[in-house]
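Dear colleague,

Here is the structure I said I would pass on. My notes on it follow below.

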Amino acid sequence: MKISQKLISGILGMATISVIVGAISADQQLKIAKYLAQQEAEEVAGLLGYFVSHELEYHELRSREKMLAHLQNHVELLHKQRQRDLEIVDRNKIILADVVAEDIGTRLDHDRNNEVGKTIQDGIPRTYVESSPEYPNGIQLIAVAFKTGKGETIGAVILEYTPLYKAALATAEKNIIVTLFISLGCSVFALAAGYLLSKSISKPIKQLQQAVVNLTEGKLDTRVSIRSQDEIGELATSFNKMADDLQYSRNELVNANEQLRDEITERQEAEAELQQALKDLQKTQIQLIQSEKMSSLGQLVAGVAHEINNPVNFIYGNLEYTDDYTQQMLLLIKLYQKHYPYPEPEIQNANQLNDIEYLIEDLPKMLTSMKMGAKRIREIVLSLRIFSRLDEAEFKTADLHEGIDSTLLILQHRLKALNNRPQIEVVKEYGKMPKIQCFAGQMNQVFMNLLANAIDALEECFQKELCPNPLIRISSEQVNENVVIRIADNGSGIPKEIQSRLFDPFFTTKAVGKGTGMGLSISYQIITEKHGGSLECISSPGQGAEFVIAIPIRAGKLAQSSISDRIIG
């Protein structure tokens, strides 16, 4: 609430109190007027009661008729002097004297609430109002008991005090009107004085308030022109001094802020460069480590493949001759059996001992199995050589299907059934797709990263009992001038908020020690920067994840990167 409102409210409250006090005073005056009228009536009735009791005690000296006549004379005389109704009754409320002579000797009939009867019983004066056809507005009556000298109540005097009551009310009403006018005048004066006082106080305060608002809005040149010699004037002087100091301090602060801003900008630029250099260094370090790993793996695989390839070729080549020689020896044995069915006993014993018939039947099967094993070893060696691609580090034509198959062969041990999960099924849906020009070794690295991530996701999903039949689906096709390869799994999928960060360097959702966060980032660089293609992830929670690789078939126009600059890790 504003100060002016508080002042007006306070003064209005005082005026209201003044009016209330005047009303209370008027009410008290009415009560006092009524009380005084009753007191006067009670005194008159008391005197008359005393006279009546004296007359009744003295009736022994005179006859009853003379006493009642004498009492009636007093009542009529009092009525003429005071113009008031007057009645005197005995204990049984029989009228002994009355201004209306016809009612003498009758029972009092206007005492409806038995006020007179109660007064006769307890001796306490009572006032009441009588309404009748003769008095439609009612008249004020008071009943006063009168007693004998021995204190015995023998009747009551009923006196009208309406004129006294009206006179008292008239006097009280005049006083009430004067009091109300004085209270109203005081209230109006108080309100006017309060309004003028509030205006004189609130106007400079509002000016100070507006000046403070201007200061908070930055208008530091705001000043107030209050020159009064009171507390508000002193406050205005202090405000102007504060505004001067604040404007000076702000100028100093602005200059200091400008210098600080320049220094902060320089430091932020230096820090940004340092952060970028650190990220590049970390990225390069990871790439070098990966590059060394892949290079070492490629050299190891190539060396192992080379060392295995020579004896395997020797074995596989000699198996052909061994098979021919064996067939010739078996043919010769059959000829001996045909032309010499009954050989010497020593030969017969050797034939039975060695089960020559079983050897003749099983030896070709054994040679065939050996040939199949040697052939399988040659295929494995060829897949290892295809995966290593050390002889294909340059940009040349390659079959991506061979790269996928060789990668699956390397990961075969992770696809097999384990004690705590079933085998991960791999479904190949290869379409017609031409060979393309690419960095074959780097493409194999992309396949390795995507397939390894799919296996990790399926293992984690199976542990949570969300994927009872783990599956990886690999499909390929030619779409316009691009080859498209899709690698999908039926795991738990990737949330939307994570998909936008999948290809960021060092971002990983795997546990500490299980991933560097560089696999997908390097794969993305290989596909987009080295081959001018695209790599995207399509996934929904609970629906698995699918990575789509798209590479132009004619990539000969791409800038060739040297072997030392290419990303392998």
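**Strands, salt bridges and surface**

β4 and strand β5 (residues 153–160) are antiparallel partners, paired over seven bridges. Two strands count as paired if DSSP finds at least two bridges between them. Helices (H or I, at least four residues) and strands (E, at least two) are DSSP runs, numbered from the N terminus.

This is a predicted model, in which local features need pLDDT of at least 70 and side-chain atom pairs count only at pLDDT 80 or more, while totals for chains, interfaces and linings use all residues. Residues are numbered from 1 along each chain as its sequence is written, and side-chain values use heavy atoms, with hydrogens and water left out.

Strand β4 itself (residues 139–147) is mostly covered, with eight of its nine residues buried. Buried means under 20% relative accessible area, exposed over 50%, and partly exposed in between (1.4 Å probe, protein chains only).

Nine salt bridges are present in the structure, each being a side-chain nitrogen of Lys or Arg within 4 Å of a carboxyl oxygen of Asp or Glu. Arg126 takes part in one of them, with Glu115, where the closest N and O atoms are 4.0 Å apart. This pair links distant parts of the chain, from Glu115 in helix α3 (residues 115–122) to Arg126 in strand β3, 11 residues apart. Glu115 is buried, at a relative accessible area of 17%.

Another salt bridge is that of Asp405 with Lys428, whose closest N and O atoms are 2.8 Å apart. Asp405 is in helix α8 (residues 400–410) and Lys428 in strand β7 (residues 425–429), so the pair ties together parts that are 23 residues apart in sequence. Both ends are partly exposed: Asp405 has 30% relative accessibility, and Lys428 has 44%.

Glu459 and Arg414 also meet through their side chains in a salt bridge (3.4 Å, N to O). Here Glu459 in helix α10 is linked to Arg414 in helix α9 (residues 412–415), 45 residues apart. Salt bridges that share partners join Arg414, Arg421, Asp456 and Glu459 into one network. Arg414 is partly exposed, at 21% relative accessibility.

On the surface, Leu331, Leu332, Leu335, Tyr336 and Tyr340 form a nonpolar patch with about 560 Å² of accessible area together. Patches are made of residues with over 30% relative accessible area and no salt bridge, with like charges joined within 9 Å and nonpolar side chains (Val, Leu, Ile, Met, Phe, Trp, Tyr) within 5 Å. The areas come from the Shrake-Rupley method with a 1.4 Å probe, and for residues only the protein chains shown count as cover. Leu331 lies in helix α5 and is exposed, at 52% relative accessibility.

Helix α5 (residues 231–339) also holds Thr322, which is partly exposed at 32% relative accessibility. The C-alpha atoms of Thr322 and Leu367 are separated by 8.2 Å, with the two residues 45 apart along the chain.

Two residues other than glycine have a positive phi. Glu465, at about 60°, lies in the loop between α10 (440–463) and β9 (471–479) and is exposed, with a relative accessible area of 74%. Asn480, at about 55°, is in the loop between β9 and β10 (482–489) and is exposed at 67% relative accessibility.

Regards
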